[in-house]
Amino acid sequence: RALTPQTAETDAIRFLVGTQSLRYDNQIHIIDFDDENNIINKNVLLHQVGEIWHISTSPADKGVLATCYNRTSDSKVMTCAAVWRMPKELESGSHESPDDSSSNAQTLELLCHLDNTAHGNMACVMWEPMGDGKKIISLADNNILLWDLQESSDEAVLSSSAALEGKGQLKFTSGRWSPHHNCTQIATANDTTVRGWDTRSMRQIYCIENAHGQLVRDLDFNPNKQYYLASCGDDCKVKFWDTRNVTEPVKTLEEHSHWVWNVRYNHSHDQLILTGSSDSRVILSNMVSISSEPFGHMVDDDELSDQEDQHQEEKIKEPLQDSVIATYEEHEDSVYAVEWSSADPWLFASLSYDGRLVINRVPRALKYHILL
């Protein structure tokens, strides 16, 4: 269920996948994709503390990751979070994997627990996107907790926190740390509401009530446009918001026929949007009209003759159309996660309930259309 790209690794294409097994020791699978030869190499790390619900990787240190996992104690199930280090030889991505990887699985080294017994069940862990890998936010039940990792990451100090106020059992489902505004903002989802928070004061800065008709599953920030945020949920919709004016979404996508679990902006070309859903499909959409290049590339005047000139000007004035580029149907079960590679902007992975991981590329024609 848990999938993440290795964020600090920018040369090799690498994803981490976490297992959810009640019977066996859980594992983190390190998936390395060799682009030239189309080969997938896999290494397994044991994660003996429990089933993995969420994985995230440090933006600064290739070997460090955090997991949220279920642990049973006194017949109660708690979802905890911890920071780990993988063995040195597995940190970067170009090694060959041994033929029989099951016999020599290695174990993760525990760096520290994000101790949450007082705060409830962990929903997710987010690293400060541009930071040195020392700042982490975790969402636990209705609490936002900001942690400072010490120099060797072997201790996490709670530096500030905030709680959702309101009636009923309030619980966060997911969150994203904005790469903009010097990394001082995060967005969280709880029930049908999306909220923005300032990490310096831990105060709420905007609130989108009823952002979706049902539970909001996931959020993502546009990497190139600082006020743009995407959300998706159980009403089968994907919505795009301008956080300065949250009364109406800027755009809504209604391509899926069941819950949408995941939405991801491409890191380099923000018109490319990936979504994964319980309808077993992954959809790649081209949201040009709300991207940072809504009119495509401008053309140099000198390059055009007069006649072309007029034609070209007309063409430039009209924004390109938003469209679905491709629907991927390799999964036979609910798609729980979609992620872009950190190393190759044209490559992405998706993971479904039956444990199938699929790696796909953006169609070549579109790639060249965007680049040229």
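**View 1. Cysteines in the predicted model.** Cys207 is partly exposed, with a relative accessible area of 22%, whereas Cys80 is buried, at 4%; buried means under 20% relative accessible area, exposed over 50%, and partly exposed in between, using a 1.4 Å probe and protein chains only. A search of the whole structure finds zero disulfides, a disulfide being counted when a pair of cysteine sulfur atoms lies within 2.5 Å. For Cys80, the nearest cysteine sulfur belongs to Cys68 and is 9.2 Å away. This is a predicted model, in which local features need pLDDT of at least 70 and side-chain atom pairs count only at pLDDT 80 or more, while totals for chains, interfaces and linings use all residues. Residues are numbered from 1 along each chain as its sequence is written, and side-chain values use heavy atoms, with hydrogens and water left out.

**View 2. Surroundings of Leu114.** Leaving out residues up to four places away in sequence, Leu114 touches residues including Val83, Met122, Val125, Ile136 and Trp147, where contact means heavy atoms within 4.5 Å.

View 3. Asp235 is buried yet has no salt bridge, and the nearest side chain of opposite charge, that of Lys239, is 4.6 Å away; a salt bridge requires a side-chain nitrogen of Lys or Arg within 4 Å of a carboxyl oxygen of Asp or Glu, and in assigning charge, Lys and Arg count as positive and Asp and Glu as negative, with His and the chain ends not counted. Beyond its neighbours within four places in sequence, Asp235 is in contact with His212, Gly213 and Gln214.
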